[in-house]
Amino acid sequence: PKRTDGVGLEKVFQEIIYHKGLMEMIDEKFLCRMRAMRISTRTDISKVSTRMGDFAEGELANTVNTPDRNDLIVQAWREHRGQRMSALAFCADVQHIHDLVDTFRENGIDAHGIHGKTPKEERHQWLKEFKAGQFPVLANCGCFTEGADLPRVDTLLLTRPTQSATLFSQIIGRGLRTHPGKEDVLILDFVDVCANKNLMT
């Protein structure tokens with residue numbers, strides 16, 4: 001019922017007659033439990049503009065895609081991952097994907113990235129390998145916010161701040177699929193310095 005494009009559905013549907021939220025679905029074991037950790041960064045995003053209810057993508061990417069912040073993301077994942085095998089990272093733009101993946105690899109961790117212009121064969125291969133648990137970290141930008149079924153994902157790396165409740169819930173939803181042996185999803189939420197913004201966290 002919540003649309004990021006601002007187009008209402010009341011011309012088609014007069015009322016919402018049934019709604020089941022994430023917490024109800026978790027309580028009834030249709031979805032797995034969440035375990036969330038807020039990790040503070042020293043990155044100040046308070047001067048990033050807001051457009052159409054969320055951060056301006058280019059400004060956001062230029063602000064959050066820094067070597068220090070990317071290194072913090074990798075170190076936090078290493079510290080908290082335990083035996084978890086499949087981390088899905090949500091990045092601010094394509095360059096952020098490349099730089100974060102490079103940071104993981106510089107630390108000896110196999111990682112790949114997928115975005116809208118990733119060649120189809122390459123995308124299918126990496127998705128197949130990721131789903132099979134052959135490498136632990138897959139970074140993306142706008143590819144897996146909706147309609148993606150990756151039940152093995154047991155860790156979410158929220159490296160892309162958002163003001164959109166809809167986008168935030170879509171991202172969280174990518175880790176809530178149940179899977180044999182999966183007790184919960186670990187959400188590492190990288191929270192930047194942000195004044196006067198409606199930051200989802």
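These questions and answers cover the sheet, the helices, the aromatic pairs and the cysteines of a predicted model. In this predicted model, local features need pLDDT of at least 70 and side-chain atom pairs count only at pLDDT 80 or more, while totals for chains, interfaces and linings use all residues. Residues are numbered from 1 along each chain as its sequence is written, and side-chain values use heavy atoms, leaving out hydrogens and water.

Q: In what order do the six strands of the open sheet stand?
A: Helices (H or I, at least four residues) and strands (E, at least two) are DSSP runs, numbered from the N terminus. Two strands pair if DSSP finds at least two bridges between them. Here the pairing is parallel, and the order is β1-β8-β7-β4-β6-β5.

Q: Which strands stand at the edges of the sheet?
A: An edge strand here has a single partner, so one side of it is left without a neighbour in the sheet. The twist averages 20° from one strand to the next. The edge strands are β1 (33-44) and β5 (111-114).

Q: Which residue stands opposite F90?
A: Strand β4 (residues 87-90) pairs with strand β7 (residues 155-158) in the parallel sense, over four bridges. The residue in β7 that faces F90 is L158.

Q: What angle does the direction of α5 make with that of β5?
A: Axes are lines fitted to C-alpha atoms, for helices over the stretch in contact, and angles run from 0 to 180 degrees between N-to-C directions. Contact means heavy atoms within 4.5 Å. Helix α5 packs on the sheet and touches β4, β5 and β6. Its direction and that of β5 make about 135°.

Q: How many of the nine residues of helix α6 are buried?
A: Buried means under 20% relative accessible area, exposed over 50%, partly exposed in between (1.4 Å probe, protein chains only). The buried residues of α6 are T166, L167, F168, Q170, I171, I172 and G173. They pack against β1, β3 (54-55), β4, β7 and β8 (184-193). Helix α6 (residues 165-173) is largely enclosed by the rest of the structure, because its buried residues number seven.

Q: Why is the pair of W77 and F104 edge-to-face?
A: Rings of Phe, Tyr and Trp (its six-membered ring) pair if their centres lie within 6.5 Å; planes under 30 degrees apart count as stacked, over 60 as edge-to-face and the rest as tilted. The structure holds two aromatic pairs. In this one the centres are 5.6 Å apart, and the pair is edge-to-face because the planes stand at 80°.

Q: How many residues apart in sequence are the parts that W77 and F104 tie together?
A: W77 is buried at 3% relative accessible area, and F104 is buried at 1%. W77 lies in helix α3 (residues 67-80) and F104 in helix α4 (residues 94-106), so the separation in sequence is 27 residues.

Q: Where is P136 found?
A: P136 is buried, with a relative accessible area of 14%. Its contacts, not counting residues up to four places away in sequence, include W77 and F130. P136 sits in the loop between α5 (120-131) and β6 (137-140).

Q: How far from C91 is the nearest cysteine sulfur?
A: A disulfide is a pair of cysteine sulfur atoms within 2.5 Å, and the count comes to zero. C91 is buried at 3% relative accessibility. The nearest cysteine sulfur to C91 is that of C141, at 7.2 Å.
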